[in-house]
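Reader: I am new to reading protein models and would like to go through one slowly. Could we start with the sheet and then move on to the charged side chains?

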Amino acid sequence: MPTFAVHYTYSEATVPGRDEYRPEHRAWLADQADAGVMLSSGPYGDGSGALLLFRAESETALKDLLGQDPFARENLVEDIRVVEWTPTIGETFSA
């Protein structure tokens, strides 16, 4: 199953909404991790966005899933970039 790097880009205008929905967003992420779909996630140190690693059947399926994220649902993500990623050294996230 392919692995995808998902880059969320945030804007200053969405800080209050992200603060409000962060508990729901993190609960959703935890559910995805428990299901083995999300491999890792975390915000960038400068607050500009976040990196999320997912395993999914296809980019289309992943984008459908990402639409359920409370941050995406509430339009709190300025841009979402999804890139198929092939880890080759270190943790390879084998199925």
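Author: A first idea: two strands pair if DSSP finds at least two bridges between them. Helices (H or I, at least four residues) and strands (E, at least two) are DSSP runs, numbered from the N terminus. Before we apply that, please note that this is a predicted model: local features need pLDDT of at least 70, side-chain atom pairs count only at pLDDT 80 or more, and totals for chains, interfaces and linings use all residues. Residues are numbered from 1 along each chain as its sequence is written, and side-chain values use heavy atoms, with hydrogens and water left out.

Reader: In what order do the 4 strands form the open sheet?

Author: The order is 2-3-1-4, and the pairing is antiparallel. Strand 2 (38-43) and strand 4 (79-85) are at the edges with a single partner strand each, so one side of each has no neighbour in the sheet. From one strand to the next, the twist averages 15°. For angles, axes are lines fitted to C-alpha atoms, for helices over the stretch in contact, and the values run from 0 to 180 degrees between N-to-C directions.

Reader: How many bridges join strand 1 to strand 4?

Author: There are 7 bridges between strand 1 (residues 3-9) and strand 4, and these strands run antiparallel. You can find Thr 3 opposite Trp 85 of strand 4. Strand 1 is also joined to strand 3 by 7 bridges, again antiparallel, and Thr 9 has Gly 49 in strand 3 as its bridge partner.

Reader: How many bridges pair strand 2 with strand 3?

Author: That antiparallel pair has 5 bridges, and Pro 43 stands opposite Ala 50 in strand 3. The hairpin of strand 2 and strand 3 has 5 residues between the strands, and there Gly 47 takes a positive phi near 80°.

Reader: Let us turn to the charges. How many salt bridges are there?

Author: A salt bridge is a side-chain nitrogen of Lys or Arg within 4 Å of a carboxyl oxygen of Asp or Glu. The count by this rule is 4 salt bridges. One of them joins the side chains of Asp 19 and Arg 22, at 2.9 Å from N to O. These two residues are 3 residues apart in helix 1 (residues 15-34), about one helical turn. Asp 19 is partly exposed at 45% relative accessible area, and Arg 22 is partly exposed at 25%.

Reader: Which residue forms a salt bridge with Lys 63?

Author: Its partner is Glu 59, with the closest N and O atoms 3.1 Å apart. Lys 63 and Glu 59 are 4 residues apart in helix 2 (residues 59-66), so about one helical turn separates them. Lys 63 is partly exposed at 45%, as is Glu 59 at 33%.

Reader: Which side chain meets Glu 24 in a salt bridge?

Author: That is Arg 73, at 3.0 Å from N to O. This pair links distant parts of the chain, with Glu 24 in helix 1 and Arg 73 in helix 3 (residues 70-73), 49 residues apart. Glu 24 is partly exposed at 37% relative accessibility, and Arg 73 is partly exposed at 39%.

Reader: Is Asp 69 buried or exposed?

Author: For charge, Lys and Arg count as positive and Asp and Glu as negative, while His and the chain ends are not counted. Asp 69 is buried yet has no salt bridge, and Arg 73, the nearest side chain of opposite charge, is 7.3 Å away. Asp 69 lies in the loop between helix 2 and helix 3. Contact means heavy atoms within 4.5 Å. Leaving aside neighbours within four places in sequence, Asp 69 is in contact with Tyr 8, His 25 and Trp 28.

Note on methods
Buried < 20%, exposed > 50% of the residue type's maximum accessible area, 1.4 Å probe, protein only.
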